[in-house]
Amino acid sequence: MAGLFDGTPLERPVTCETCGKPLADCRCPRDASGRLLPPGKQTARILLEKRSGGKWVTRIAGLDPCASDLGDLLHQLKHRCAAGGAVQDDHILIQGDHREAAGEMLAAAGYRVRIQ
Ligand SMILES: [Zn+2]
């Protein structure tokens, strides 16, 4: 039974298993190693911190900076919370205590949320 697998190269499919597009066209969220990482597989940890000067800041940690568009999320959160903010060290910072609103927005975007 020589040549049983002749002519059937055991190539891996070059299409995305989620969206079915060729990998070059796939825009599914992936981490830095190329692994699929949709929002439902990411847990946003929402913390409240007190800054020097007594100001509160809401910190959102735990989101993958490759698989998630932190800049876009920041934009949406600033709009939702009507507050200033920034992306810093792969965390999203929003001025003030916006844990509830941020949690609701991220949950609506499909993320798992843990408010601490
Ligand atoms: Zn895809």
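I count a residue as buried under 20% relative accessible area, as exposed over 50%, and as partly exposed in between, with a 1.4 Å probe and protein chains only. On that rule I find that buried residues make up 30% of the 116 residues in the protein chain.

**Entry 1: the model.** I am working on a predicted model, where local features need pLDDT of at least 70, side-chain atom pairs count only at pLDDT 80 or more, and totals for chains, interfaces and linings use all residues. I number residues from 1 along each chain as its sequence is written, and side-chain values use heavy atoms, with hydrogens and water left out.

**Entry 2: the elements.** I took helices (H or I, at least four residues) and strands (E, at least two) as DSSP runs, numbered from the N terminus. The protein chain has 2 helices and 5 strands, and from the N terminus on they run β-β-α-β-β-α-β. I then looked at contacts, meaning heavy atoms within 4.5 Å. Of the contacts with a separation of 6 or more in the protein chain, 46% are between residues 24 or more positions apart.

**Entry 3: the sheet.** I call two strands paired if DSSP finds at least two bridges between them. The 5 strands form an open sheet with mixed pairing, in the order β3-β4-β2-β1-β5. β3 (85–88) and β5 (112–115) stand at the edges with a single partner strand each, so one side of each has no neighbour in the sheet. From one strand to the next, the twist averages 25°. I60 has I92 in β4 as its bridge partner.

**Entry 4: the helices.** For angles I used axes that are lines fitted to C-alpha atoms, for helices over the stretch in contact, and the angles run from 0 to 180 degrees between N-to-C directions. Helix α1 (residues 70–81) lies across β2, β3 and β4, at about 20° to β4. Helix α2 (residues 99–108) lies across β1, β2 and β5, at about 165° to β1.

**Entry 5: salt bridges.** I required a side-chain nitrogen of Lys or Arg within 4 Å of a carboxyl oxygen of Asp or Glu. This gave me 5 salt bridges. E104 and R80 form one of them, with the closest N and O atoms 2.7 Å apart. E104 is in helix α2 and R80 in helix α1, so the pair ties together parts 24 residues apart in sequence. E104 is partly exposed at 46% relative accessible area, and R80 is partly exposed at 39%. R99 and D97 also meet in a salt bridge, at 3.0 Å from N to O. R99 is partly exposed at 24%, as is D97 at 41%. Salt bridges with shared partners join E49, R51 and R59 into one network. R35 pairs with D31, the closest N and O atoms being 3.3 Å apart; D31 is buried, with a relative accessible area of 12%.

**Entry 6: R30.** R30 is in the segment before β1 (43–50). Its side chain reaches the backbone oxygen of G34 at 2.9 Å. Leaving aside neighbours within four places in sequence, R30 is in contact with residues including C16, L23, L36, D64 and A67.

How values were computed:
Polar contact = N/O pair within 3.5 Å; in protein donor to acceptor, adjacent residues only side chain to side chain.
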